[in-house]
Every structure is written in C-alpha cells, then in structure tokens.
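Here's a quick briefing to keep next to your viewer. Have the sequence and the model open while you go through it.

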Amino acid sequence: MAQAGNAAAFERLYRLHNRRVYSLCLRMVGNTAEAEDLTQEAFLQLFRKIATFRGESAFSTWLHRLAVNVVLMRLRKKSATESSLDEMTEPDEESGGPRRDFGMADLRLSGSIDRVNLQRAVDHLPPGYKAVFVLHDVQGYEHNEIAEIMDCSIGNSKSQLHKARMRLRELLHESLRDRAREDRKAAGNAGGED
Amino acid sequence: MTTVACRDFLDRFDSSDSPRNGSPADLSVQAHLRHCPSCRSFVEDLGKIRAAGAQLAASDPEPPARIWFALRAELEKEGLIRDTPSEVPSKSWLAELFSGKFSVLPRPVLAGGYLAALLAIAFGLSGPINSRINRQRWLDGTQSSTEPLSAQLMSAEKASFSSWPASETPVTASLHQNLEIVDNYISLCENSVREDPENELAREYLYEAYQQKADLLAQLNDR
C-alpha cells in the first residue's frame, strides 16, 4: 500500500519505525533538533525509494541502512572532508586511536557506568565506531544485520565494535581522571582559603 | 592449559565475539583472565560498557509529533502520497471507543463526543512545526477545520437536550450547572486560541474543556 503512495500506509510505517530511527539519529548526532531533521530526511528517502524495495532484506534493516547513510553523510559534510568508512572508524594517533594501555588496575571503571557519561563518551566516538556501537549495543542488532546496514563484512562489524568499546573505555577513563583532577583542585582551593 | 601473555592478550581477545552475557569463548584467554587481575578488569570494563549501552535504549525519548507533520507536508509537496486525513489511525480507535464504551448513548450525544474528540485531535496534534511547513496554511487549516466542528458540536448538544425528559433530578440539575461552567470555560479558551493560535497551552486547555463537555453530555444522557 505504501508503495502505491497510500498516506495511511505511510503513516503506519512511520509510526512503527520512527522511534528506533530517531533514537539512532539522536545517539549519532547527540542533538535533538538535528536528530529530528535526520529522522525526517531518512523517512523522506525511504518513501522516495519505497517502490524499489524488493524485500531482499528485512524492511527495518533496509530502513536503518538508509538512516545510517543519511547520518554518515551529514557527519561527513560537517567535517567538510571526504573520508571513507575506514578513515571514520580508524582514527589516527593524533585523534586518539585505541591504545594498548588496557589493563591498568587503577583505571578500572568503578560501579556501573552512568548513562549521561556514556552518552558523552559516545558523542566523542568517530562516526563509524559510533554507528556500530549504537546498532549493536544500544539497539541490539546482530553483526550480520549490521554488516548489511553498514555495507561491510561481519568481521569488520565485530572489529569496529570491539574498537568502539575500547575507545569508549579510554574516554570514560579520561573523564574519570578529569573529574579526579578537578576534585583535587577544588580541595586544594578550599584548603588554601582556610 | 597454556595461557597467553598480557602483551598478546589484546590480539586474542575480541569483546565482540563473547556472548552478550558470557565470558570470552577462547579458552586460553579465559585461563589468562583467571590469573591476571589487570586484564580481568579490562574485560569487566568492556562488559560494563556493553551493559550500559543496552540501558541507553531504555531511555530513548519518543520522537516529537512535528516530525511526522513536516514529513507529511514534504511528501504531499512532492506528490508522493495520495491525500488521506492524518487522523485516519486515530479515527479507528475513536470509532472503537465510541462504538464500545459509549455505544449505549443516543446518536446526538455520540456525535457530540465524537466531534469533541476530533477537535481534541485537531488541537492536540498541532504543535510548532518546523520551517518546512507553510505555517500560514497550517493556521488557516486549523481554524477552518475547527469552526465547523465546533458548530456541529453545538447542534448535537441541542439535539441531546431535546431528547431529555422535562423533569430534572438534583443530579441532572447539577450536571446542567457544570455544563454551563464548562461552556463558559470553552468560550474563554476559544478566545485565547483565536488570539494566539500558536499557543500550545491554550490549545491544550481547549482540548481538555471539550473533553469535559463530552464527559458531561455522556453523564447527562445516563440520567
């Protein structure tokens, strides 16, 4: 029905999938206004191309593929540089690629991770890592589905996810260190005032 | 059992390979983890990140209604959809509501309630819409669609009054009094909406006032 341009069918499709698409966009860009715009753009593309949907993959996978592409295109435009998926998922040393200081006991993330802190760290991930992390760990997609959505191999999806988690761990440690430094500074200031 | 050294650990361990709530599949990695607290803490951290990621989904906000309105306007502009009222899905639950719970009510009251609910949808769903929508067209559309509905609601109410018995019990008298209060409230709200059609709060109040009126009409009919 939607393929024939039926408005009610369009609306039903939208209502069925809008939450997941909006969530993906929001997690990817970390900004509600932009997430709304991207959600609209993803569905617009969906409805423009719906006549070409042949059912070779699950509808939600197809839609997510469109949505991820819309988001990645926007992020590419924003960064104003042409970069491949590899470049977006393989940051160089300067931009803080995964390092191998993985096992330091004093860097252990204590307790459970606060949602706000995690989202803040996710915001700092390179787009490719971010997409795989959000799709797998947040939205619960399997690697074979992510491979379809991201147009990559299953192995690539697994590797990106592992790297994304390691990068997140580093980012969370950095924020812990920053907070500890600020606490020490504040304590020092309070001591100086006494 | 041979275990791997810490320096080789990262090459062997892949957090994406381990089951969602389990330990790493590689036995040599498992053996290493049993004896190495620092690598164990690394794996535990990644597990915490994964768990926290799953919790993020629970806090996903509902996308605002304006996305659909803007999208629909764009689709219409591009001629991608055939014109069908956006209330279509809502109409079905409304129809169900009025044919179920209120099916015992006479037609005028049902019509009144139905109209009030349609008004509620018209007001409830209309919010600030992004720039892609022609704002003036939307305002004109809102006014032109609510005015006839309001008039129809009034005539449905008159028809309901004519079907009620002349003698009034204290309860129906009180309901009539409440109806008058709600009517006054409705005209106040209508004025506010007319003065400032974009005021969401005014629309919300008007929506609630119509709902109250529909409830009162239903209660009066029960008597």
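Chain A has a mean pLDDT of 81, with 78% of its residues at 70 or more; pLDDT is the predictor's confidence in each residue, from 0 to 100. This is a predicted model, so local features need a pLDDT of at least 70 and side-chain atom pairs count only at pLDDT 80 or more, while totals for chains, interfaces and linings use all residues. Residues are numbered from 1 along each chain as its sequence is written, chains are lettered from A and ligands numbered from 1 in the order in which they are written.

**Overall make-up**
- Chain A has eight helices and zero strands, and chain B has nine helices and zero strands; these are DSSP runs numbered from the N terminus, with helices (H or I) of at least four residues and strands (E) of at least two.
- In chain A, 39% of the 194 residues are buried, and in chain B 28% of the 223 residues are. Buried means that 20 or more other C-beta atoms lie within 10 Å of a residue's own, exposed means 12 or fewer, and partly exposed is in between, with C-beta atoms placed from the backbone.
- Of the contacts in chain A with a separation of 6 or more, 67% are between residues 24 or more positions apart.
- For chain B, 69% of the contacts between residues at least 6 apart in sequence join residues at least 24 apart.

**Where the chains meet**
- The contact involves 41 residues of chain A and 41 residues of chain B.
- On the chain A side, H1 (7-29), H2 (32-49), H5 (115-123), H6 (127-138) and H8 (154-193) each give two or more residues.
- H1(A) gives the largest share of that side, 10 residues.
- By class, the chain A side has 18 nonpolar, 11 polar and 12 charged residues. Ala, Val, Leu, Ile, Met, Phe, Trp, Tyr, Cys and Pro count as nonpolar, Asp, Glu, Lys and Arg as charged, and the others, Gly among them, as polar.

**The core**
- The largest nonpolar core has 62 residues, and those with the most contacts inside it include Cys25(A), Ala42(A), Val71(A) and Leu168(A). Such a core is a set of buried Ala, Val, Leu, Ile, Met, Phe, Trp, Tyr and Cys residues joined through C-beta atoms within 7 Å.
- H1(A) supplies the largest share of this core, 10 residues.
- Beyond its neighbours within four places in sequence, Val71(A) is in contact with Cys25(A), Met28(A), Val29(A) and Leu38(A).

**Helix H2 of chain A**
- Buried residues of H2(A) include Leu38(A), Ala42(A), Phe43(A) and Leu46(A).
- The buried residues of H2(A) pack against H1 and helix H3 (59-79) of chain A, together with helix H4 (66-77) of chain B.

**A loop residue to check**
- Asp151(A) has a positive phi of about 55°, though it isn't a glycine.
- Asp151(A) is found in the loop between helix H7 (143-150) and H8 of chain A.
- Asp151(A) counts as exposed because 11 other C-beta atoms lie within 10 Å.

Conventions: Contact = placed C-beta atoms within 7 Å.
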